[in-house]
Amino acid sequence: MTRYTRDMIGYGPDRPDARWPGGAKIAVQFVLNYEEGGENNVLHGDGGSEGFLSDIPGAQPWPGMRHWNMETIYEYGSRAGFWRLHRLFTQRNLPLTIYGVASALARSPEQVEAMKDAGWEIASHGLKWIEHRDMPAEEERAQIAEAIRLHTEVTGEAPQGWYTGRCSMNTVDLVAETGQFAYISDTYDDDLPYWKQVHGRDQLIIPYTLEANDMRFAGAPGWVTGHDFEEYLTDAFNVLRAEGHAGKPAMMSIGLHCRLIGRPGKIAGLMRFLDHIQQFDDVWVPRRIDIARHWAETHPPVHRPRPSQMDRETFVGTFGGIYEHSPWVAERAFDMELGAAHDRPAGLANALARAFRRATPEERLQVLRAHPDLAGKLAQARRLTAESSEEQASAGLDALTDEERSTFEALNTAYTEKQGFPFIIAVKDNSKQSILAAFQRRIDNTHEQEFDEACRQVERIARLRLESLI
């Protein structure tokens, strides 16, 4: 069995109503990354200087060396940028979440005091602002534990949220296994929070952003002026707010960095964006922990059957009857590369249909022949499968007049004698009248035409059955 571990569907077309507090149509959540003093530096025991997210074009790490220009750019963030942003948000009484690198927080006690006095959430941004992609899991686990310890020591409180940023494939699992976090944000895959099963427990994920993010002042393609940033944020906000008014409220994350947006020519764009959103009374501006608490209370985890996680016996036992009396279709689908997309009706229907389409013509013919006549003798003797009985009843085929029954019997006999299998149609898509019309329209088709059409109808019947089952 092959299982695909990525989730390519999420909420799909059925994005839930976030039900933001106060009937808000959009939640706009600001994150200020505090990394200054936690970046790569030989003073911090690292192998070289920092090369990421600065105003130095094309910067690269200097192995074994300090980089004066890089260091002082980061120092601007702590010395000037932070305080400019602190004034901006506190004067407007807007809360935000700090992603705080623990070692950076430890080197910035006055800034930490200001964060706390403002009532800002201080989430963990890891122990150091370094790359984790090649870090062994045990080493990363130890760094997570030390980040929690140091963060708690420096701020007086354990972090409730986590975002590594420069993460590894193990990060989310390693953080979730601590059981200490109300949310983890090391994903970029949705406009809403969602629950993820990790190590047998439900972990809330609040996705972050790398596009509505001032980091694009430091890379290409990216922002050049404050107007660039303002225009992008405003466009994103307007689209999401309109979706909220259409019944699908979402979340907009905005990523900020002290050394980037803290520069006066850049922050002007952020100021204008704040002016824009503050003119509306249907906007919620929370901290990330506020979103986590709201989601846990309003949208607690719901556990549904997950076909991709079933063992073979359960899978075949559950879905073996979707194709009439043909469990082999489910058996072959089970051996495919199933994933989260196949835990929904459309996805599982596609997997079953693929197994059916791969089959030989003779195997598919046997599936067609396994279907009962419409309103035929099996129905009258109440010997249909539960699915077929319910389907035929939905179109009134269980309550025919004598004349209607006689018409169906004559059509069934003529069709079956000609084609070698019974007339098949997705009854739930039809009425008694439209079924009779289709019968009369299709009865003169060639065998090849009807074989193809009957197979399509079998797939449609399976899709409808799955809709009610999962």
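Helices here are DSSP runs of H or I with at least four residues, numbered from the N terminus; their axes are lines fitted to C-alpha atoms over the stretch in contact, and angles run from 0 to 180 degrees between N-to-C directions. The model is predicted, so local features need pLDDT of at least 70 and side-chain atom pairs pLDDT 80 or more, whereas totals for chains, interfaces and linings use all residues. Residues are numbered from 1 along each chain as its sequence is written, and side-chain values use heavy atoms, without hydrogens and water.

Helix α1 (residues 68-91) packs against helix α7 (residues 264-277) at about 20°, the axes lying 12 Å apart. Angles under 35 degrees count as roughly parallel, and α1 and α7 are therefore roughly parallel to each other. On the α1 side, Y76, R84, L85, L88 and F89 meet P264, I267, L270, M271 and L274 of α7, contact being heavy atoms within 4.5 Å. The residues of this contact comprise 9 nonpolar, no polar and 1 charged; Ala, Val, Leu, Ile, Met, Phe, Trp, Tyr, Cys and Pro count as nonpolar, Asp, Glu, Lys and Arg as charged, and the others, Gly among them, as polar.

A cavity is a set of points on a 1 Å grid over the protein atoms alone where a 1.4 Å probe fits but cannot get out, and its lining residues have an atom within 4 Å of a point. G126, L127, H132, E140, Q143, I144, W162 and T164 line the second largest cavity. Helix α4 (residues 137-155) gives the largest share of this lining, 3 residues. By class, the lining has 3 nonpolar, 4 polar and 1 charged residues.

Conventions
On a 1 Å grid over the protein atoms alone, a cavity is a set of points where a 1.4 Å probe fits but cannot get out, and a pocket is an open set with protein on both sides within 12 Å along at least five of seven lines; lining residues have an atom within 4 Å of a point. Helices (H or I, at least four residues) and strands (E, at least two) are DSSP runs, numbered from the N terminus. Angles under 35 degrees count as roughly parallel, over 145 as roughly antiparallel, 65 to 115 as roughly perpendicular and the rest as oblique.
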